[in-house]
Amino acid sequence: MPKWTHRRCLAMPHWRLPVSTILLVLTSCSGGQTGMSADSTMTIPPPLTADFDSIQTNIFTPICAGCHSGPNPAADLNLDAAHSYNDLVNVPSTEEPMLDRVKPGDPADSFLLIHLKNDGDGAPASDIPFVVQWITDGALPGSSSMPMGVESNTGDALQGSSQH
C-alpha cells in the first residue's frame, strides 16, 4: 500500500475539485461586478469589548436585531442601534416582569443575561462575559446609543425639558 504524504494527497484529483469550487464561489461574490475591484473593502467589526457600542456592533445588530426590530419587535424589545439602550436598561422584562432587562451593576438580576445563557438565540457563549462586565460596570450608554429622554425624531430635543 502506498504511503500517503501531503504532496501525494494534494496531487489527487478529488482534492482539486473542492478547491476549484471554492475559488469559483469566491470569485462570484463580487456583487454583480466582473471582478473584485482594488477599492473593494470588507467591513470587519472591531473585536468585542465590554462596552455598549461594541456589544451593539457585535451582538445586538448582527445577531438579535433580525427579530428584535421594526414596528413589532419580538417581546416588544427593539435592539436596533437607535432603540436598544432605551429598550434594555431599567426596563422590566416582558417574560419576567420582576426583573429588569438590564439592571445596571447587577448582572445576576438582569434578564438579558438569563436569556443569553438559556437561549442565546445565536450569540455564542464566549460573548456573555463581555455583557456581564458591561452590566457590572454600570451598563453605561455608548456614543451610538440615544440616552433616555432624547426625542428620536428631532435628534436633540429633550423630552419634558420645559417641565420642572
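Predicted model: local features only at pLDDT ≥ 70, side-chain atom pairs only at ≥ 80, totals over all residues.
Residues are numbered from 1 along each chain as its sequence is written, and side-chain values use heavy atoms, without hydrogens or water. Local features need pLDDT of at least 70 and side-chain atom pairs count only at pLDDT 80 or more, whereas totals for chains, interfaces and linings use all residues.

Helix 6 spans residues 128-136. Helices are DSSP runs (H or I, at least four residues), numbered from the N terminus. Ile128, Val131, Trp134 and Ile135 of helix 6 are buried (under 20% relative accessible area; exposed is over 50% and partly exposed in between, with a 1.4 Å probe and protein chains only). These four cover an arc of only 125° around the axis, which puts them on the same side of helix 6. The arc is that of the directions from the helix axis to the C-beta atoms. An α-helix has 3.6 residues a turn, so residues three or four places apart point the same way.

The buried residues of helix 6 pack against helix 3 (52-64), helix 4 (84-88) and helix 5 (111-118). Contact here means heavy atoms within 4.5 Å.

Helix 3 and helix 6 pack at about 150°, and their axes lie 10 Å apart. Axes are lines fitted to C-alpha atoms, for helices over the stretch in contact, and angles run from 0 to 180 degrees between N-to-C directions. The angle makes helix 3 roughly antiparallel to helix 6 (over 145 degrees). The crossing is left-handed, that is, the near helix is turned anticlockwise from the far one by less than a right angle. Helix 3 contributes Phe52, Ile55 and Ile59 to the contact, and helix 6 contributes Phe130, Val131 and Trp134. The contact residues comprise 6 nonpolar, no polar and no charged. Nonpolar covers Ala, Val, Leu, Ile, Met, Phe, Trp, Tyr, Cys and Pro; charged covers Asp, Glu, Lys and Arg; the others, Gly among them, are polar.

On helix 5, leucine 116 is buried at 7% relative accessibility. Beyond its neighbours within four places in sequence, leucine 116 contacts Ala123, Ile128 and Val131. Its C-alpha atom is 9.2 Å from that of aspartate 127, 11 residues apart along the chain.

Threonine 136 belongs to helix 6. It is partly exposed, with a relative accessible area of 40%. The C-alpha atoms of threonine 136 and alanine 108 are separated by 9.4 Å. Just after helix 6, glycine 138 takes a positive phi of about 110°.

Conventions:
Helix = DSSP H or I, 4+ residues; strand = E, 2+ residues; numbered from the N terminus. Parallel < 35°, antiparallel > 145°, perpendicular 65-115°, else oblique.
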